[in-house]
Each structure stands twice: as C-alpha cells, then as structure tokens.
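Open the structure in your viewer and keep the selection tool at hand.

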Amino acid sequence: MKHILPILTLTTLAAAASAQSAAAGLSYNRAGFSYNTDSGAGDNGYSVSVEALVGSSNVWVGGEAGINAEGADSVSVGYLFKNVIGGIDATVAVSSNDTYGVILRRSLNEIVAGLEGRFVFAQETGSARNDSFVYELAYNVNSKYQVAVSIADANGVAEETSVTVRYNF
C-alpha cells in the first residue's frame, strides 16, 4: 500500500512524457526568414516563406518571395501523406512557376532531440526544363523556433546555400 503513491506518480509522469513526445511531431504551420547565397548567379539576398495545412486536412499550401534578390516567387499547393514509411512524411506539390515536386521530411530525434531532415525533388516543366534537389538539416530550438541550413542544386551543380529561421504557429 505504501508503494501506490510512487507508482501512480511514475505512471503519470510516463504518460505525460509520452503524450508530449507524440504531440512534438513535425510542424507544417510555419513562417520562415532566409539568407540565401547563390553561387550560380551571384545573387545573395533574403527571402520569406510560409506554409500551412488547411484546417485539419492534409491539404498543404506554401509560398516564397525574395526580398532583395532576384528569384522565382512562387505559391504552391499539395497533399501531405503522413508516416509513409519509416516515419517519413511525403508531400506532393504543384507550384505557380510550372514546377511540381515531392517533399520528404523526417524527425531525426534518434540522433539528436529536435533534429529534422528534409529532401525536396522539384521538376520545372516547359521550355526551361530543370530538375532541382534541396537537402536540409534543421534543429528545433524549442516548439516555436527552428534553425535550418540547406543546399539546393540544379542539374548536379550546387547553386544555393540558405540559412533559415522559422517560427511554428
């Protein structure tokens, strides 16, 4: 009887920790501010981005705009498939700049708590047919803020490196 209180306390703490880790999944409602270095065209500059899930659905919308550098401003819409395989979330998206692609994201908490990886494949259609890849490693400082570093390459040539600060809302 005297062990009931410690057992109840441990059970409650374990349940709370489990609920917290389950709720700490990938955030799809976020806004970002980036500094981009473009080795191909020499256009360094800043950009802002936003992405969100529409209501409680898996419909994903996103957009990006350059502040003081040339670049393709775009608006995207897609569908999110959660936990497709091995904890990877996949988003299939189409963009306003004649681009379609796949975004793969996964939490890497087994390596470092708060670490996340992202891979993007995009293909531009039309006369300027261009395949591009983005490799990103991000760290969730807390539940609201994330810092990310990404490298984008087009046709096998590393063209852009970005450092991004994101706010999850």
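Rings of Phe, Tyr and Trp (its six-membered ring) pair if their centres lie within 6.5 Å; planes under 30 degrees apart count as stacked, over 60 as edge-to-face and the rest as tilted. By this rule, there are seven aromatic pairs.

Select Phe33 and Tyr46. Their rings are stacked, with 5.5 Å centre to centre and 15° between the planes. The pair links distant parts of the chain, 13 residues apart: Phe33 lies in strand 1 (residues 30–38) and Tyr46 in strand 2 (residues 45–53). Strands (E, at least two residues) and helices (H or I, at least four) are DSSP runs, numbered from the N terminus.

Phe33 is partly exposed because its relative accessibility is 42%. Tyr46 is partly exposed too, because its value is 34%.

Next, select Tyr145 and Tyr167. This aromatic pair is tilted: 5.4 Å centre to centre, 55° between the planes. Tyr145 is in strand 9 (residues 145–154) and Tyr167 in strand 10 (residues 157–168), so the pair joins distant parts of the chain, 22 residues apart. Tyr145 has a relative accessible area of 41%, so it counts as partly exposed. Tyr167, at 35%, is also partly exposed.

Now select Phe119, Phe121, Phe133 and Tyr135 together. They form one aromatic cluster.

Move on to Arg105 and Tyr28. The charged end of Arg105 sits over the ring of Tyr28, 4.5 Å from its centre. A charge sits over a ring if NZ of Lys or CZ of Arg is within 6 Å of the ring centre and within 35 degrees of the ring normal.

The protein chain has one helix and ten strands. Along the sequence the pattern reads α-β-β-β-β-β-β-β-β-β-β. Of its 169 residues, 28% are buried.

Switch to contacts (heavy atoms within 4.5 Å). Among those with a separation of 6 or more, 29% join residues 24 or more positions apart.

Finish with the surface. The protein chain exposes about 10200 Å², and carbon and sulfur atoms supply 63% of that area. Accessible areas come from the Shrake-Rupley method with a 1.4 Å probe.

This is a predicted model: local features need pLDDT of at least 70, side-chain atom pairs count only at pLDDT 80 or more, and totals for chains, interfaces and linings use all residues. Residues are numbered from 1 along each chain as its sequence is written, and side-chain values use heavy atoms, leaving out hydrogens and water.

Key. Buried < 20%, exposed > 50% of the residue type's maximum accessible area, 1.4 Å probe, protein only.
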